[in-house]
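Please read the following report with the sequence and the structure at hand.

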2 protein chains.
Amino acid sequence: MTRHSWNSIKDLVMQKLNARHWLPGEKLPNEEMMARDYGVARTTLNRALREIAKEGYLIRRRKAGTFVATHPVRRAVVNIPIIRHEVEASDKAYRYRLLEQKMRLPPAKLETRPCLYLRAMHYADDAAYGLEERWINPHTTPDILTAPLDRMSANEWLVLNTPFSSGLVGFSAANATDEQADLLGLRPDAAVFIVNRETWQDEAFITSAQIIYTNTYRVESQL
Amino acid sequence: MTRHSWNSIKDLVMQKLNARHWLPGEKLPNEEMMARDYGVARTTLNRALREIAKEGYLIRRRKAGTFVATHPVRRAVVNIPIIRHEVEASDKAYRYRLLEQKMRLPPAKLETRPCLYLRAMHYADDAAYGLEERWINPHTTPDILTAPLDRMSANEWLVLNTPFSSGLVGFSAANATDEQADLLGLRPDAAVFIVNRETWQDEAFITSAQIIYTNTYRVESQL
DNA sequence: GTGTATTTGTCCGTATGTATG
DNA sequence: ACATACATACGGACAAATACA
């Protein structure tokens with residue numbers, strides 16, 4: 001019986017935006033008026049407009065009003081899956097091999113005390129999938145020292161066992177070093193796709209990882 | 001205290017999640033109880049939990065309840081700016097040069113009729129910044145044929161003049177072709193970072209672009 | 001700089017809808 | 001079929017930000 005949900009109001013406004021009913025930069029009527037026009041409560045209309053604004057198509061400012069974004073900032077949401085899930089999602093057998101594990105002094109921007117350094121390979125159906133180089137801070141995550149890292153990737157263990165407050169992801173490209181090319185089965189100097197991740201908890205560094213993928217790897221996302 | 005109450009409730013719940021007050025997979029108390037516990041209205045608590053769920057840390061199902069996500073899917077939101085804005089944001093002078101513009105038959109998956117094909121360079125302080133190769137469908141966007149593409153990048157024109165639509169973004173790495181290396185001032189075979197974009201409107205293709213950046217380019221994002 | 005009016009942001013309490021165990 | 005828990009609606013109220021006089 002409720003013909004109007006905030007979602008249908010959202011669709012309706014989006015249609016008007018697409019139809020250029022209001023031009024970029026133009027001011028929309030205020031909430032109260034629009035709510036009356038569409039026959040819904042202001043809170044309902046508010047939610048619809050808030051959602052549209054979050055998607056970047058509207059700009060809302062108190063006292064000023066609601067405006068059509070002139071340059072909608074396109075945002076893409078990319079999923080950062082656990083590598084095992086990513087491989088298994090493409091119907092391949094996942095395998096993980098720990099290459100190296102030792103305590104070393106990390107780059108100064110991370111920590112001044114020695115940390116756990118790991119190198120590991122990820123395989124999909126026995127083909128090299130990605131090379132992982134990772135630092136883990138045992139001072140914030142002491143349990144890592146007894147984790148079964150020979151069987152389970154550090155990534156997966158960390159997701160299950162440590163909360164974190166903030167993080168960074170970066171995507172970049174580089175030419176493979178000879179060693180990387182060798183491990184990944186690529187020709188020397190081949191382009192590789194690199195995903196960097198850093199996670200922190202309240203100024204204290206938890207882990208920093210670099211995953212080197214072959215150049216066939218792509219990150220894709222709906223706009 | 002009345003200020004941003006849903007946000008402070010969200011912080012509070014996030015803290016409890018981080019502190020493992022509820023374990024992954026565990027069920028939280030129902031909305032009514034939590035609202036009473038925290039001394040807020042149920043709608044307020046609802047909003048807090050809804051936001052947390054949208055970030056992936058909680059799973060909510062009607063009748064079943066609210067649960068701690070076992071494998072929170074990490075999502076990173078990356079902004080896809082207009083290249084001019086990106087360059088100007090780093091305090092450099094932006095320059096754009098159209099290299100080529102003609103009608104050609106695009107890849108069949110896009111369109112079966114001839115489309116506009118563009119190649120253009122983007123510069124930051126006279127240093128090569130990115131090479132753009134783009135298809136634009138004049139059958140969905142006829143005005144493009146009279147747009148001043150020698151002065152304004154197609155990207156920017158399209159953002160201003162075509163309605164919103166669905167799209168795809170992809171990030172990948174590759175070795176530069178000789179021509180690309182030459183245009184970008186890179187050594188032959190250097191790794192380049194490639195951003196692909198496709199935008200569609202109701203099954204009809206609008207534009208498809210590939211922007212080739214030097215390997216110093218990075219896409220970064222907060223987790 | 002100050003004050004005021006406007007507009008969005010949020011909260012509350014209640015009520016109803018809806019998916020689902 | 002039923003009960004439960006989330007999803008959403010409504011209207012009234014006040015807070016916060018800020019454009020404008």
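The surface near DNA strand C has 3 nonpolar, 10 polar and 11 charged residues, where Ala, Val, Leu, Ile, Met, Phe, Trp, Tyr, Cys and Pro count as nonpolar, Asp, Glu, Lys and Arg as charged, and the others, Gly among them, as polar. This is a predicted model, in which local features need pLDDT of at least 70 and side-chain atom pairs count only at pLDDT 80 or more, while totals for chains, interfaces and linings use all residues. Residues are numbered from 1 along each chain as its sequence is written, chains are lettered from A and ligands numbered from 1 in the order in which they are written, and side-chain values use heavy atoms, with hydrogens and water left out.

**DNA strand C**

A residue is called near a strand if one of its heavy atoms lies within 4 Å of it. In this sense 24 residues surround DNA strand C, and the closest are Arg42(A), Arg60(A), Ser5(B), Trp6(B) and Thr44(B). Of the atoms of DNA strand C that come within 4 Å of the protein, 68% belong to sugar and phosphate.

The largest share, 4 residues, comes from H3(B).

**DNA strand D**

Around DNA strand D there are 26 residues, of which Ser5(A), Trp6(A), Thr44(A), Arg42(B) and Arg60(B) come nearest. Sugar or phosphate makes up 68% of the atoms of DNA strand D within 4 Å of the protein, and the rest belong to bases.

| Residue | Atom of the residue | Atom of DNA strand D | Distance |
|---|---|---|---|
| Glu31(B) | polar backbone atom | phosphate oxygen | 2.9 Å |
| Arg42(B) | polar side-chain atom | base nitrogen | 2.7 Å |
| Arg62(B) | side-chain N or O atom | sugar or linking oxygen | 2.7 Å |

The elements that give two or more residues to the surface near DNA strand D are H3 of chain A together with H3, strand E1 (58–61) and strand E2 (65–68) of chain B. H3(A) gives the most, with 4 residues, and by class this surface has 4 nonpolar, 10 polar and 12 charged residues.

**The two chains**

Chain B can be laid on chain A with an RMSD of 0.5 Å by a turn of 180 degrees and a shift of 0.0 Å along the axis, the copies being superposed by least squares on the C-alpha atoms of residues with pLDDT of at least 70 in both. That is the relation of a two-fold axis. In chain B, the C-alpha of Val77(B) is the nearest to the axis, at 2.0 Å from it.

The contact, which means heavy atoms within 4.5 Å, takes 52 residues from chain B and 54 residues from chain A. Because 96% of the interface residues of chain B are also interface residues in chain A, the copies meet through the same surface.

Between the chains there are 4 salt bridges, each a side-chain nitrogen of Lys or Arg within 4 Å of a carboxyl oxygen of Asp or Glu. One of the salt bridges joins Glu51(A) to Lys54(B), with the closest N and O atoms 3.5 Å apart. The largest share of the side of chain B that touches chain A, 9 residues, comes from E7(B), and the residues of that side divide into 23 nonpolar, 17 polar and 12 charged.

How values were computed:
Polar contact = N/O pair within 3.5 Å; in protein donor to acceptor, adjacent residues only side chain to side chain.
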